[in-house]
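Welcome! Keep the picture beside you and look up each residue as it comes up.

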Amino acid sequence: MSKKPLTSHLLVRVLLGIVLGVACGLFFPEPLARVFLTFNGLFSAFLGFIVPLLIVGLVTPAIGDLGRGAGKWLGVTAAIAYASTVLSGLLAFAVARAGYPWLLAGERDVDALANPEESALAGFFTLEMEPVFGVMTALLLAFCLGVGITLIPGDTLHRSMDDLRRIIMRIVELVIIPLLPLYIFGMFMGLTMNGQILVVVATFSKVVLVALALSVVLLVAQYVVAGIYVGRNPATLLKNMLPAYATALGTSSSAATIPVTLRCAEANGVRPSVAGFVIPLSATIHLAGSTLKIVLFSTAVMTITGTAIDDVAYVGFILMLGITMVAAPGVPGGAIMAAVGLLQGMLGFDETAVALMIATYIAIDSFGTATNVTGDGAIAVVMNKLIGRHTATGSAQESPAELTLSDAHTAR
């Protein structure tokens, strides 16, 4: 079987977009540059239009999937995964608030990253694409419909929402993701021509290092907690998960890593029936590593642009982000695409800030995926003891073996 060319990988194309954008920004004539900035304006407008529909199309069936026929153990697993995701976000936020004032102090000489539409160099024209409804309206509608699906008999609405999810996924896969490298190219070209690229590179190289170090801290913390609960050596548990970490690092896909993650979980003593339930489900709903990256990069953007960070409001953003991550589409960069609505609606990010978030997130996407996958093993160990204890006392209401891969929607 022939291998795919290197440029078929999204990460490679995004990196090429960044490098070429910076290089071309040094010599492109203004008329040619404005062609790409015009595209960026149109793409950004379309993104603003599709985000509320993306939220409704992904969050609604995701909530329905978790509530319908799921049973006790699905609820417990989802609660643990959500708690882990939120705590990782809070950890990242605490580190950012404590460390960024001095780490990024030298980058605060720029008051704001200019929006291309407001800078001296802009596209030839813009086209308004008003969304059907706002982001917060979309979230409220998705929650109401998702919960409603679990309360009413019949599955007509559920199937309709599944169809909408498939449509949105196709738009993401066939339109948004393929055009992202070109969008990022135009954004970095504009930053170079506006003289801001040095601030961006200097800032985000530091944040990437913080994200990688904090990912290790997060995994150690997860396995220390799991090891204490089950009475096992955390180092041994974590060592047994290294093959899954390495596989996810190479594939950038939790779904593709599931077979390896299953074997690693079983090597940690997790029963096959429990692993077969917890691992695929966690691959869908547990995105602690992704949340950590989004929080670190978003707070960095707010810091260098001089945007005031309201601690209480940002904690609310993290809580909402944990829910939104459940519905993130199963494509490379899907988590950041699902978070765009919250970044715009709750943090007030403009198109340049969103583009920076997307570029930096995808640049280390595989590390976030590897962190997510490895953390799934800690949840499996905890659930193995919980289910075993309840089964031994005769209080288990259903066997995890009866909960198959179909209980979770498409995994990352």
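Is cysteine 144 buried or exposed? Cysteine 144 counts as exposed, because its relative accessibility is 57%, which is over the 50% cut-off. Please keep in mind that this is a predicted model.

**Cysteines**

- Cysteine 264 has a relative accessibility of 5% and therefore counts as buried, whereas cysteine 144 is exposed.
- How many disulfides does the count come to? The count comes to 0 disulfides.

**The nonpolar cores**

- The largest nonpolar core has 77 residues. The members that touch the most others are Leu180, Phe188, Ile294, Leu296, Tyr314, Phe317 and Phe349.
- Leucine 180 has contacts beyond its neighbours within four places in sequence: Phe43, Met337, Ile358 and Ile362.
- There is also a second, separate core of 35 residues. Ala275, Val373, Ala380 and Val381 are among its members.

- The 38 residues of α5 should span 56 Å at 1.5 Å a residue. The end C-alpha atoms of α5 are 53 Å apart, which agrees with that expectation.
- Where does α5 bend by about 45 degrees? The bend is at leucine 180, and proline 181 follows within four residues. Leucine 180 is also one of the residues that touch the most other members of the largest core.
- After α5 comes glycine 195, with a positive phi near 75 degrees.

**Helix α11: an enclosed helix**

- Helix α11 runs over residues 288-304, which makes 17 residues. From its first C-alpha to its last, α11 reaches 25 Å, close to the expected 24 Å.
- Why is α11 described as largely enclosed by the rest of the structure? The reason is that 17 of its 17 residues are buried.

**Aromatic pairs**

- How many aromatic pairs are counted? The count comes to 9 aromatic pairs.
- One of the pairs joins phenylalanine 36 and phenylalanine 185, whose ring centres are 4.9 Å apart. Their planes meet at 65 degrees, so the pair is edge-to-face.
- This pair links distant parts of the chain, 149 residues apart. Phenylalanine 36 sits in helix α2 (residues 30-67), and phenylalanine 185 sits in helix α5.
- Phenylalanine 36 is partly exposed at 22% relative accessibility, while phenylalanine 185 is buried at 9%.
- Tyrosine 314 and phenylalanine 317 form a tilted pair, with 5.1 Å from centre to centre and 55 degrees between the planes.
- Tyrosine 314 and phenylalanine 317 are 3 residues apart in helix α12, so about one helical turn separates them. An α-helix has 3.6 residues a turn, so residues three or four places apart point the same way.
- Tyrosine 314 is buried at 1% relative accessibility, and phenylalanine 317 is buried at 0%.
- Ring pairs also link Phe27, Phe28, Phe36 and Phe185 into a cluster.

- Threonine 324 lies in helix α12, which covers residues 311-326. Is threonine 324 buried or exposed? Threonine 324 counts as buried because its relative accessibility is 3%.
- Leaving out residues up to four places away in sequence, threonine 324 touches Leu139, Ala338 and Leu342.
- Valine 19 belongs to helix α1 (residues 10-25). Valine 19 has a relative accessible area of 55% and is therefore exposed.
- Valine 19 and phenylalanine 188 are 169 residues apart along the chain, and 8.3 Å separates their C-alpha atoms. Phenylalanine 188 is one of the residues that touch the most other members of the largest core.
- Proline 272 is in helix α10 (residues 272-285). With 57% relative accessibility, proline 272 counts as exposed.
- Proline 272 and leucine 262 are 10 residues apart along the chain, with 7.9 Å between their C-alpha atoms.

Definitions and conventions. Residues numbered from 1 in each chain as written. Predicted model: local features only at pLDDT ≥ 70, side-chain atom pairs only at ≥ 80, totals over all residues. Heavy atoms only, no water. Core = buried A, V, L, I, M, F, W, Y, C linked by side-chain atoms within 4.5 Å. Buried < 20%, exposed > 50% of the residue type's maximum accessible area, 1.4 Å probe, protein only. Contact = heavy atoms within 4.5 Å. Helix = DSSP H or I, 4+ residues; strand = E, 2+ residues; numbered from the N terminus. Disulfide = S-S within 2.5 Å. Expected span 1.5 Å × (residues − 1). Bend = angle between axes of the 7 residues up to and from the residue. Phe/Tyr/Trp six-rings, centres within 6.5 Å; stacked < 30°, edge-to-face > 60°.
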